Amino acid sequence: MTSHAQTPLERRYAMLGLALIAPTVLIFCAVIVYPLISAIYLSLFQIFTPTLQGEWVGLGNYAAIWGSGAFWPALWTTLVWTVGTLTLQIVFGVAMALVLHQNIWFRSLARSLILFPYFISTVVAVLVWKWVMNDLYGILNHLLIVAGVTNVPLDFLGSMPNAMVSVILVGAWKYFPFVVIAVLARLQTIPEPLYEAARIDGAGPIARFFDVTLPQLREVLVVIVLLRAIWDFKEFDLIWLMTGGGPVNATQTLPLVVYREAFGLNQMGMAAAWAVSMMAVLLVFMVVYIRQTRAKGSF
Amino acid sequence: MAAYQFQIAAFEAVTPGVKVVFETTSDEGYAPQLAAAFASGEVPDIVTHLPSFAVQTDYANGLLEPFDDVIAAIGADEFYPGANDVYRAADGKYCGTGIGNSAANMLWVRRDLMQAAGIDTTPETWDELRAACQAMQTGGLFGAPLPYGQNSMTSLIFIGFIHQAGGQVFTPDLQVAIDNDGTRAALEFYRSMRELCPPGATTYSWGESLTAFVSGATATGIYTGRVLANVRDQNPALADQITCATYPRLSTDIAPWTFNDFPSVFIPAQSKQKDAAKAFAAFLFDPEGYIQQLHAAPGHVLPVLQSISANPIYQDNDIIRKCGPEVDLMAASAAGGFNLGYESAGHQSNAKAGEVIGSNAIADLVQKVIINGDNVDQALGETAAAIDAIMKA
């Protein structure tokens with residue numbers, strides 16, 4: 001092995017490289033590394049939120065979280081919400097993308113309107129849905145009573161399992177357009193000869209979907225599931241505005257616990273410990289998921 | 001909003017160089033908003049209408065400016081006797097003052113429905129109330145809009161029920177005492193009322209509860225005097241049919257317990273305009289603007305200054321004229337009212353009350369026992385432990 005002394009030109013190129021990459025590294029540190037380290041640092045203190053005054057407790061906050069037995073129920077609730085709403089988003093999104101890929105009337109208009117739920121603010125969407133589900137004046141209960149499905153209004157948001165089902169459905173309605181956009185874009189690039197070959201082989205519409213379309217969508221679906229799983233896992237505003245985490249803690253996901261600790265109980269350190277724990281769980285899931293999909297994709 | 005804009009414009013006119021920017025908040029939103037504001041140091045210069053127990057909590061943590069100067073500027077003798085007691089902090093100073101009084105748990109009833117159901121007198125006890133609600137509940141009309149939601153209204157209203165059964169949340173020296181016979185009786189009664197409330201009462205807060213009665217969906221209501229203005233504006237057909245009383249209790253041997261959140265005005269210690277904020281705080285009590293503010297929802301916020309109650313301009317309002325007995329009853333009830341920061345005249349001021357309410361521990365108790373059907377002993381034990389942890393934090 002021989003050492004190679006850098007020439008002045010090589011050193012200048014190296015310096016130029018460092019100079020060019022420095023802004024990116026600095027921005028990365030400012031927006032990713034610093035908040036992350038701050039959160040971990042905060043989680044080691046007991047801090048009163050309004051004054052940000054507190055004392056060092058080391059891993060005491062983590063011990064309290066794990067000792068209280070509150071973490072697993074909150075994680076389970078978060079997983080139920082995430083898996084439930086993500087599954088519906090994928091199913092509705094793919095189905096709608098397939099419809100919008102056909103030569104239907106007003107296709108352009110339909111493609112625009114389908115994005116509506118994704119574009120409106122969560123606050124507005126929740127207000128509309130809460131009004132629709134209102135026990136006294138909501139159209140949904142009115143229709144159910146008129147149809148003879150029930151004699152008394154249903155409590156959609158204040159009892160279980162209705163509250164979780166309602167939140168999952170509204171979440172699916174709000175975010176499935178993202179799936180539609182991504183899948184529709186991919187559908188338009190699938191080579192037509194693949195379908196022609198499948199038809200020649202006698203494949204019907206269902207067989208063509210499973211043998212041609214779905215494999216072609218695989219890569220984009222991996223990305224969609226990854227992104228939407230992260231976003232749904234840390235969803236706060238929709239659930240908070242719909243149920244506030246109730247009844248009792250039945251829809252209290254991890255982000256709601258973080259919020260309640262930080263601003264309901266004014267325990268910023270404990271909130272940071274919850275947030276760090278939540279991040280660790282998310283990281284584990286993401287690593288497992290990415291490894292699984294890579295393994296399958298290698299065949 | 002119009003009344004505030006009038007007061008702001010009038011203050012800016014007499015205070016050159018000062019511009020007042022108005023921001024709104026909500027019953028469920030103020031605590032996190034203020035916590036974030038205090039943490040960041042970007043605080044409002046003056047805050048109004050938060051409950052007194054929230055003010056005590058913030059003052060105890062050194063977040064508020066003593067308010068004695070402002071009270072002196074308004075005139076301490078102008079207030080009703082004892083009106084500022086709830087704002088006296090442990091250091092002997094005042095942490096704020098009341099911008100009004102409120103009787104938040106008045107029982108509102110419909111005379112027409114009572115008459116149709118053969119009920120002669122307004123219920124005074126829980127048994128009478130339940131029987132009246134059962135008699136008045138028909139298809140599409142529910143008995144009462146009691147809150148069962150996971151929010152501050154449920155906590156605050158249920159604390160009233162505990163006291164209406166002779167119980168208490170804390171002992172006078174602020175030891176946790178929620179596990180008592182009064183709380184158990186309150187839980188039992190509250191559970192029995194569930195079938196007389198709309199299905200969605202499991203998520204009700206102040207707005208939903210108020211609307212349920214004003215719209216005619218429930219036979220009784222539980223709210224402040226805001227009911228009067230809302231009925232006048234939104235459902236005038238009911239205007240001649242409604243009246244109010246103090247909320248019923250377990251038995252007439254127990255004194256009524258009115259929840260008064262003592263809507264406040266206070267100044268954050270981090271304010272960069274303290275002198276202007278103090279001047280504006282005192283200006284809010286200037287009769288012309290103050291009366292406009294009180295008239296925005298007559299009976300909702302009641303005057304704390306003796307001279308205002310007797311002021312002919314204050315009395316010259318259609319609702320106050322028409323509903324004089326109701327407004328007088330609310331004023332008297334509110335004047336003798338309490339809240340979690342001030343449970344009784346014998347209780348110490350509770351600087352942790354705001355955090356207890358913010359934790360939803362008491363609303364959780366209601367939901368666990370009534371919605372989930374959890375064991376009362378276990379739920380009460382968990383609630384007592386949760387509150388105790390907050391007190392010791």
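Residues are numbered from 1 along each chain as its sequence is written, and chains are lettered from A in the order in which they are written. Since this is a prediction, local features need pLDDT of at least 70 and side-chain atom pairs count only at pLDDT 80 or more, while totals for chains, interfaces and linings use all residues.

**View 1. Helices α9 and α10 of chain B pack at about 55°.** Take α9(B), residues 206–214, and α10(B), residues 226–234: their axes sit 10 Å apart. On the α9(B) side, the contact is made by B:Leu210, B:Phe213 and B:Val214; α10(B) brings B:Arg226, B:Val227, B:Asn230, B:Val231 and B:Gln234 (contact: C-beta atoms, placed from the backbone, within 7 Å). Sorted by class, that's 5 nonpolar, 2 polar and 1 charged.

**View 2. Helix α3 of chain B is largely enclosed by the rest of the structure, because 8 of its 9 residues are buried.** Buried here is a matter of counting neighbours (20 or more other C-beta atoms within 10 Å of a residue's own). Among the buried ones are B:Phe53, B:Val55, B:Asp58 and B:Tyr59. What do the buried residues of α3(B) pack against? Their partners are α2 (30–40), β6 (264–266) and α17 (353–358) of chain B.

**View 3. Chain A meets chain B.** Chain A puts 24 residues into the contact and chain B puts in 30. The chain A side has 12 nonpolar, 10 polar and 2 charged residues.

Key:
Axes are lines fitted to C-alpha atoms, for helices over the stretch in contact, and angles run from 0 to 180 degrees between N-to-C directions. Helices (H or I, at least four residues) and strands (E, at least two) are DSSP runs, numbered from the N terminus. Two residues are in contact if their C-beta atoms, placed from the backbone, lie within 7 Å. Ala, Val, Leu, Ile, Met, Phe, Trp, Tyr, Cys and Pro count as nonpolar, Asp, Glu, Lys and Arg as charged, and the others, Gly among them, as polar. A residue is buried if 20 or more other C-beta atoms lie within 10 Å of its own, exposed if 12 or fewer, and partly exposed in between; C-beta atoms are placed from the backbone.
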